[in-house]
Amino acid sequence: MRTLRRVCIVGMGYVGCTLAAVLADRGYDVTGIEKDPAIAARLQRGDPHFHEPELPALMRRLLAAGSLRVLTSIPAESFDVFVIAVGTPVDALA
């Protein structure tokens, strides 16, 4: 059976960022995609743009270890799994 180890998470908001950190902490090689360069720069420093206890320390450790990285676009490389974690405007559905 093939092990899926390389994960790309598109959207590094609350759901995407926390999922990326948890997966990287569990041994996955995770690339997070955040299109906003200012937010991506913060995340690359291990400074999430929302409050979640212990997440900054976890992210800094994972970034330093290389198991988590944050980019502004999807790189031209292969991934085993893609997760789309972008906001869905519910107002348009009402």
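In what order do the four strands form the open sheet, and is the pairing parallel or antiparallel? The order is β3-β2-β1-β4, and the pairing is parallel.

This is a predicted model, in which local features need pLDDT of at least 70 and side-chain atom pairs pLDDT 80 or more, while totals for chains, interfaces and linings use all residues. Residues are numbered from 1 along each chain as its sequence is written, and side-chain values use heavy atoms, leaving out hydrogens and water.

View 1. Strands β3 (68-71) and β4 (81-84) are the edges, each pairing on one side only. From one strand to the next, the twist averages 20°. Strands (E, at least two residues) and helices (H or I, at least four) are DSSP runs numbered from the N terminus; two strands pair if DSSP finds at least two bridges between them.

**View 2. β1 beside β2, with α1 packed on the sheet.** Strands β1 (residues 6-10) and β2 (residues 29-33) run parallel, joined by five bridges. Look for Ile9, whose bridge partner in β2 is Gly32. Helix α1 (residues 14-25) packs on the sheet and touches β1, β2, β3 and β4, with contact meaning heavy atoms within 4.5 Å. The direction of α1 makes about 170° with that of β1; axes are lines fitted to C-alpha atoms, for helices over the stretch in contact, and angles run from 0 to 180 degrees between N-to-C directions.

**View 3. Both ends of α2.** Just after α2 comes Gly46, with a positive phi of about 75°.

**View 4. Glu54 in its loop.** Glu54 sits in the loop between α2 and α3 (55-65). Its phi is near 70°, a positive value in a residue other than glycine. Glu54 counts as exposed because its relative accessibility is 69% (exposed is over 50%, buried under 20%, partly exposed in between; 1.4 Å probe, protein chains only).
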